[in-house]
Amino acid sequence: MVALRINGQSREVDVPPDTPLLFILRDVLGLTATKLGCSLEQCGACTVMIDGEACRSRRSLQVA
Ligand code: FES
């Protein structure tokens, strides 16, 4: 179980801990505004704000 706070709401999702945040947002929570682009951390399509910093959500939370 992974606990997140997204857009001011606490959420818990049952995913493996190495699941990329992008897939949690899109596939588990249905938040599809964030897109998958290059998968190489170069295009910025998967960018989200985490604690005020722009981060690539294609990475798993374990390395974010
Ligand atoms: S998919 Fe291109 S930077 Fe994330």
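Predicted model: local features only at pLDDT ≥ 70, side-chain atom pairs only at ≥ 80, totals over all residues.
**Overall size**

I started with the radius of gyration, taken over C-alpha atoms. The chain has 11 Å, and a compact globule of 64 residues would have a value near 11 Å, so the two agree. The globule rule I used is 2.2 Å times the number of residues to the power 0.38. I also looked up the span of the C-alpha trace along its principal axes, and it comes to about 30 × 25 × 20 Å.

Residues are numbered from 1 along each chain as its sequence is written.

**Helix and strands**

I found 1 helix and 4 strands in the chain. Both kinds are DSSP runs numbered from the N terminus: helices are H or I with at least four residues, strands are E with at least two. Reading along the sequence, I get the pattern β-β-α-β-β.

**What is buried?**

I call a residue buried if 20 or more other C-beta atoms lie within 10 Å of its own, exposed if 12 or fewer, and partly exposed in between, with C-beta atoms placed from the backbone. How much of the chain is buried? I get 14% of the 64 residues.

Next I went to helix α1, residues 21-28, where Leu21, Leu22, Ile24 and Leu25 are buried. I remembered that an α-helix has 3.6 residues a turn, so residues three or four places apart point the same way. The cover over the buried residues of α1 includes β2 (9-13) and β3 (47-50). After α1 comes Gly30, with a positive phi near 75°.

Arg26 is in helix α1 too, but I count it as partly exposed because it has 18 C-beta neighbours inside 10 Å. Leaving aside neighbours within four places in sequence, Arg26 is in contact with Leu31, Thr32 and Thr34. Here "in contact" means that the two C-beta atoms, placed from the backbone, lie within 7 Å.

**Contacts along the chain**

I checked contacts with a separation of 6 or more, and residues 24 or more positions apart account for 30% of them. Then I picked Ala45, in the loop between α1 and β3. Ala45 has 15 other C-beta atoms within 10 Å, so it is partly exposed. Ala45 and Leu21 are 24 residues apart along the chain, and their C-alpha atoms are separated by 13 Å.

Strands β3 and β4 (residues 53-56) run antiparallel, joined by 4 bridges. Strands pair if DSSP finds at least two bridges between them. Which residue of β4 stands opposite Val48? I found Cys55 there.

The β3 and β4 hairpin has 2 residues between the strands, and Asp51 takes a positive phi near 50°. Asp51 is exposed, because 6 other C-beta atoms lie within 10 Å.

I noted one more case: Asn7 is not a glycine, yet its phi is positive, about 50°. Asn7 lies in the loop between β1 (2-6) and β2. With 7 C-beta neighbours inside 10 Å, Asn7 counts as exposed.
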